Amino acid sequence: MQPRNMSMSGVVDLAAVKAAGEAKAKAEQARAEAARQGGVAAVSPSALVIDVDEAGFERDVLQRSAEVPVVIDFWAEWCEPCKQLGPLLERLAVEYNGRFLLAKVDVDANQMLMQQFGIQGIPAVFAVVAGQALPLFQGAAPEAQIRQTLDQLIQVGEERFGLTGIVVGPDADTSGEPAQAPVPAGPYDALLEAAMSALDAGDLAGAVQAYKNVLADDPAHPEAKLGLAQAELLARVQDMDPQAVRKNAADNPADVTAQIAAADLDLVGGHVEDAFGRLVDAVRRTAGDDRDAARLRLLELFEVIGPEDPRVTAARQALARVLF
């Protein structure tokens, strides 16, 4: 699966980053200054994930990017996919042991940063390398793809900008988890863990089946419903040619199958309103089986985003207007 802006080539063409030489020089100057002041102190794993606001952005992101790639996670409390992606990025930040720093930006509290980065949908993930802002990806993505992107980012940061990362204290707990009493396993924990493992391995069919196994016993299980909707979406777009799908949808506005495929791509790319609007329009223009197909896919996409999301509420109201 190749979500929008997931590949580093083309989208994040670091070989073509403007003023790369100047940025590298600044990074080297920053390291030299740190050395003159006695070197860089080791940090604990908890310091690898930081909350950033507009006031501290220059200090916490731009300046730190002279020593380590800073990955920025733009999120919001109401964003259901953000709740899946955020913990994954936090776990990877600890696992990568200082090779990148994760900065979390709440878009509701930092509208100016959202506008400056041109964020149109969340979750959205950017990187800042030696002062240069780079888009990484938007929307849902499996762990394997995220790891590949991070590896490429770190490699280029090292080779092109000389970024060596953060020193993590050797005696610190690198598990990334606070000490706490064991929590009893729930009745579906093994199945949910199997689903997540399948997603990590790129086995979307296995993940779908694991979530279905949970829902067979508990049809209202919220985590399984969300996971199933996301896994099925990723499975549908896995082998799509995005350019061909979008061209087909543009050339054939009355083709419901084409519009449904394009809506799936819209959602994976983080363009939630576009996906919903496309399917609402399809419902409005059609009848019979075509209308039912567009309506049902729209309801499935609602599950991916979550019922509490205001964009889902607005789309439900728009759907009701065209249906009744």
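This is a predicted model: local features need pLDDT of at least 70, side-chain atom pairs count only at pLDDT 80 or more; totals for chains, interfaces and linings use all residues.

**Exercise 1.** Find how many helices and strands the protein has, and what share of its residues count as buried.

*Solution.* Start with the secondary structure: there are 13 helices and five strands. Next, take burial: of the 324 residues, 46% count as buried.

**Exercise 2.** Classify the ring pair of phenylalanine 57 and phenylalanine 117, and work out which parts it ties together.

*Solution.* The structure holds six aromatic pairs, and this is one of them. Now locate the partners: phenylalanine 57 lies in helix 2, while phenylalanine 117 sits in the loop between helix 4 and strand 4, so the pair ties together parts 60 residues apart in sequence.

**Exercise 3.** Decide whether phenylalanine 57 and phenylalanine 117 are buried or exposed.

*Solution.* The cut-off for buried is under 20% relative accessible area. Phenylalanine 57 has 10%, so it counts as buried. Phenylalanine 117 has 15%, so it counts as buried too.

**Exercise 4.** Do the ring analysis for phenylalanine 276 and phenylalanine 302.

*Solution.* The centres lie 5.0 Å apart with the planes at 85°, so the pair is edge-to-face. Phenylalanine 276 belongs to helix 11 and phenylalanine 302 to helix 12, so the pair ties together parts 26 residues apart in sequence. Finally, check burial: phenylalanine 276 is buried at 3%, and phenylalanine 302 is buried at 1%.

Note on methods
Residues are numbered from 1 along each chain as its sequence is written. Side-chain values use heavy atoms; hydrogens and water are left out. Helices (H or I, at least four residues) and strands (E, at least two) are DSSP runs, numbered from the N terminus. Buried means under 20% relative accessible area, exposed over 50%, partly exposed in between (1.4 Å probe, protein chains only). Rings of Phe, Tyr and Trp (its six-membered ring) pair if their centres lie within 6.5 Å; planes under 30 degrees apart count as stacked, over 60 as edge-to-face and the rest as tilted.
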